[in-house]
Structure formats: C-alpha cells, structure tokens
Amino acid sequence: MRDELRIIYYIIRKDMRAYYLKPPAISWGILFPAAMSLSFYLRNPAGFGELAPGLLALTVLFSTTAMEAVVINFELRVGSLERLLLAPATFGSVLLGKLLGASLFGFIITALVATAVLPTCLDRGFDVVALLFIVITSLITFSSLGALISVAVKEVFEAQTLGNFLRFPMMFLCGVFIPIQTLPPGLRHLAYALPLTYTVDGFRQALGGTGNLSLVGDVLILTGFACVFVVPAVALLRRRFA
Amino acid sequence: MGYDTINAGHAAEAPAVAVSELSKRYGRLLAVDRVTFQVQHGEIFGLLGPNGAGKTTIIRVLTGLSRPSAGQVRVFAHDMERNPKEAKKLFGLVPEITNLYDELSALENVLFMAQLFGVPPQERLDRAHQLLDLFGLGSKSRVRLSHFSRGMKRAVAIAAAVVHRPRLLFLDEPTAGLDVVHARTLRRLVRRLNQEGVTVFLTTHYLEEADQLCDRIALLVKGRIVALDTPEALKDRASKGGVAVEVAFEPMLDQCAVGLGRRTGIRRVTARGDRLRVEGDKVSEVVAAIVAYAAESGTEITHIATVRPTLEEAFVQLTGLSSEVMKTEKGGS
Ligand SMILES: Nc1ncnc2c1ncn2[C@@H]1O[C@H](COP(=O)(O)OP(=O)(O)OP(=O)(O)O)[C@@H](O)[C@H]1O
Ligand SMILES: [Mg+2]
C-alpha cells in the first residue's frame, strides 16, 4: 500500500513537471474553455451569470480530458509508460496516478476560470462547499472518461479527436447553453445518459440557481459514471501489456 | 557503489531467473516457443539471436511488461504472474528503445526512478549524482534529455535502471546503435556492475559482444533455444570434440594439403589463406603427423599453432544459419 501511494504521488508530480505546458494541453485544456468563457462574457455581460455554471462545467470537461490524452498518449507513444509499469505497483495505481494528475490540472484551470467568472454572478450568492463537491467529483469523472478514451487509442491527436466526438455533443445536449427541459424528448433522455448533465446541474445549484436533481444526487451519479469509466480503462491498459 | 547483500531467505538460494516452458504467441505467430532456462546469481547471461528471434519478447515477459501465453517465469523465486510486485523491486531494465522523459533533465529522470522505487529520500540525490558522474555525465546532469545523444541517453537509461540498486539488471541490446567507443564504455560498465554483485541478463545480436561479456550464452533462433552454454563450451561443441591446428610450410605447395590429409589421425585439411587448418582428434597426434610430413617431404614448418573455433563458427554450426544474419543492423533507438 505504501508503495502504491508513493508511486501515485510521484507520477502526479512528474506529470505536472513534464506535461502541464505541452501544446495539446494548452490548446484544448486551457485556451478552448477560456476563449469560450470570454466570448460569451463579451457578447452579453449582463446575462453571463446564467451561463457561468455551464462554462465551468465545460472547463472541467475539456481541461481533464485534454490533459489525460497528454499524460497517457505521450507516454504510450514514447514507451515511457512502461517505466511506470516496471515500478512495484498495480496497473490500477498507475492509472490512478495519471487520473489524479489530470484532475489536479483541471482543478487549477477551473479555479482560474472560476475566479474570472464568479464575480459576475455574486448577486445570486454561491455555496463554496457545494461548489467544491461538484468540482472534485466532476474532475475525477471526466479524468476517468479521458483515461478511457486515451487507453483505447495510441496517439495524442487520436485521443483528442475521439474526445471531441464525445465532448461536443455533450456541450450541446447537457444544458450548457440550452436548458435540458427545452430539448425534444428523445434528446432529453440522451442528455440524462451523459455525465456532463449532472455537472452542469450541480454547478447551477452551487451557484445559487435551481437544479433538476439534488446536489447529492448529482454527486452520486457522477461517482457512478467515474466507476463505469475507470474499470474498462484499467482493463484496456492491462490488455495493452498482455 | 556497494551492493548490500539482501535478505529474503529462500529467495537467496533460488536462481535469479527461472523460466520453464515459456511460450508467447502473437496471433498466429509463435514468437517464443517452449523456452526453458535458468540464470544463476552473479552471472552475465546472454541471449544471442538474429532480428526477430524473440529476444525482446522474452525480456518483456521476464520483466512483466508482457504476459506469457504458456509456461512459468520466476524472478528470485517470485512468480511473475502471481506476485510481480515483489520481483519488480529486485530488478532494473534498460529497454531496447530508450524511453526516458525528454521533457526532464538527466538528473530528474534518474531521480524519478529512485522515487518510484522508494529509495530513501536522503539518498536519492547522492546516488543519482554518483551514477551520472560514473557515466561521465556529471556536468550535463541538469540538461534536458532532448539535447542528449543516443549514447548519452543510453547511459542515463542505465543509471535510471540501477539507481534502486537492483540485484538483477536486464539489458535489451545495450550497445545497438552505439559507436565503438560508447559501446566499449558500456561493456566496461556492465562488467563493473557485475563485479559489484549484480546479475546481468542481456540480449545482443553481436557475436563478439556475447563472447567477451557473457558467462553463459543461449542461442535463440525463431523463438527456440538451440544451444545454451559457456562461450568456450559452445566453441568446443562446434569443433565436435576434435582439435584444429594451423600450420604454414615453406614452400607451401598444393600437395601439402593432400599429403597431410592422408596421414592417420588427421580428419580434414582446409586451406586458410596461406596457411592450412588441420583437424584431428588430439593435438599430439595432429602435431606428430605434421612434423612427420614435413620431415618426409623436406618442407620447413614456419608457423604452427592450435586454433579454436570462433563463436561465429560455433553459431553457424549450431544454428545452421549464416553468420550474416547477425550482422544486419536495425534502425536505431
Ligand atoms: N506486440 C507484438 N505484436 C505482434 N508481433 C510481435 C509483437 N512483438 C514482437 N512481435 C513479433 O515477434 C517476433 C519476435 O520479436 P522480438 O522483438 O522479440 O525479436 P528480437 O529478437 O528482439 O528482434 P530484434 O533483434 O529485432 O530486436 C517478431 O517476429 C516480431 O515481429
Ligand atoms: Mg529486440
């Protein structure tokens, strides 16, 4: 156990040092969510408070999945992931290290975007504890999704492309810009099958709005999604080295 | 550096590596075919074979980076399928293709491995510096690895593989793609680690390298071990229990070979440049025959020496392959 914890910790540290400033992490993980937030703010500063939960959710989604593609696919290509697998730890621990590293990156980016965004919706009041809960579970969930995408392919660009197939539909279906209630029934059901819906819902409540589910419900469902993503991700990683 | 003699009661007596009936299949290709061998403590064991023989595949299975299709692998008595964690603490690997982090400096690369393997924090930095100094990279320890040459990267890879003081070091084609000077330095280093008590398992497709470096060599062809012995024993086996003597006469005439060949105790005579290679059962018989022939034919012996087959000749005999197959270079690492 001590071995595993140590290895997880040093994987996170090394990934921060080596990859946080890699171009794909910057473009999809930082610039994209920042540019989205800025353009919506410039378009309508007064109504921005309404969009803030969705933009924060997008930031979580893009920053974690983009970073996961870097920390996993860079290493799959160069073969350096094998260094980690030589260490006395399980595949699960190695993946957990990768996952927490991306979550930490996501946390930093989301915190930066939040400090820019939150002052615009101060009038509604917000709940810091609720905010932390929803941010942290969402970070883990989308890091897990990113990990699953990344171990399924080899190259960074493949992971970003496959990621976009999932990220963009979620962006339009999960209540980021368009409330879910206004979607046609078929799409609405689809929306409830996607994790970002619960992140947006949670953020809305944490930022003084009303949600469709309770905050606890959002957190629990997101945790469920995380498990659903992590288990096959570990299995796929193990199969790569079968 | 000083390797502590390590613990682990029964593990201390078990062979460093014990492989039995190991097979590895990739789809329809049988890359490793029922291989069985053991590596003893303190030896330098070489896996020698042409491209595609299955050397890397075997190393990957031994180090847990790949799983066997059949058979069993034990490293210091730990089953690599059931208990890889304990085994992993005891070995290091220098892979065929250097997979260090280009984004980090040489020092950071070595330190990271020390961290992963739980080297005590107060020792990490000292050990990393010591190793980089030993490999002549002391002044470059803070340079990013992307600026390093291939030989320098290989040296860092070795430092990274031994920083946790493993008892067993796997090296997959350590000198492939290195120039003569770097290759020689590297061989010296491997010997030095071995003298300090590290068991070495290496693969190579250089016959001379295996000959110079290894205590025992397994010849691997198409996934099968066709011979496994000390270099000397392999050469002896190639000479099929006989001896060979090289001789030069003055004057050297064509009929020398014919005349010698007819004498008792001589199996075969072949021309080697301006000398003759005379094979027989015993050195004394062969030399007696040569001396007698010289006396009778009135020729002078200007050179006489026993010769041993080279490992290259042994390889050709034992594998039935041309030694050319070992000389094809691959794209670098
Ligand atoms: N992951 C893989 N999938 C499919 N086939 C593979 C895989 N790895 C190796 N092989 C095949 O297995 C055989 C043995 O390969 P291996 O790399 O072990 O040979 P090698 O002795 O190390 O050769 P080299 O001297 O070129 O390094 C080759 O035919 C190779 O193509
Ligand atoms: Mg190989």
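B:Thr56 is partly exposed, with a relative accessible area of 24%, and B:Glu96 is partly exposed too, at 21%; that label covers what falls between buried (under 20%) and exposed (over 50%), using a 1.4 Å probe and protein chains only. Keep in mind that this is a predicted model, where local features need pLDDT of at least 70, side-chain atom pairs count only at pLDDT 80 or more, and totals for chains, interfaces and linings use all residues. Residues are numbered from 1 along each chain as its sequence is written, chains are lettered from A and ligands numbered from 1 in the order written, and side-chain values use heavy atoms, leaving out hydrogens and water.

What do B:Thr56 and B:Glu96 coordinate? They hold the magnesium ion (ligand 2), through OG1 of B:Thr56 and two OE entries of B:Glu96, at 1.9 to 2.7 Å. Donors here are N, O and S atoms within 2.8 Å of the metal (3.2 Å for Na, K and Ca), and with water not among the atoms, sites may look incomplete.

Now for where the chains meet. Chain A brings 29 residues to the contact and chain B brings 27 residues, with contact meaning heavy atoms within 4.5 Å. Between them the two chains bury about 2600 Å², 55% of it on carbon and sulfur atoms; this is the accessible area (1.4 Å probe) lost on being put together, summed over both parts. On chain A's side, A:Tyr10, A:Arg83 and A:Leu86 supply 31% of the area that chain A buries against chain B, more than any other three residues.

There are 5 salt bridges between chain A and chain B, each a side-chain nitrogen of Lys or Arg within 4 Å of a carboxyl oxygen of Asp or Glu. One of them joins A:Glu82 to B:Arg60 (2.9 Å, N to O).
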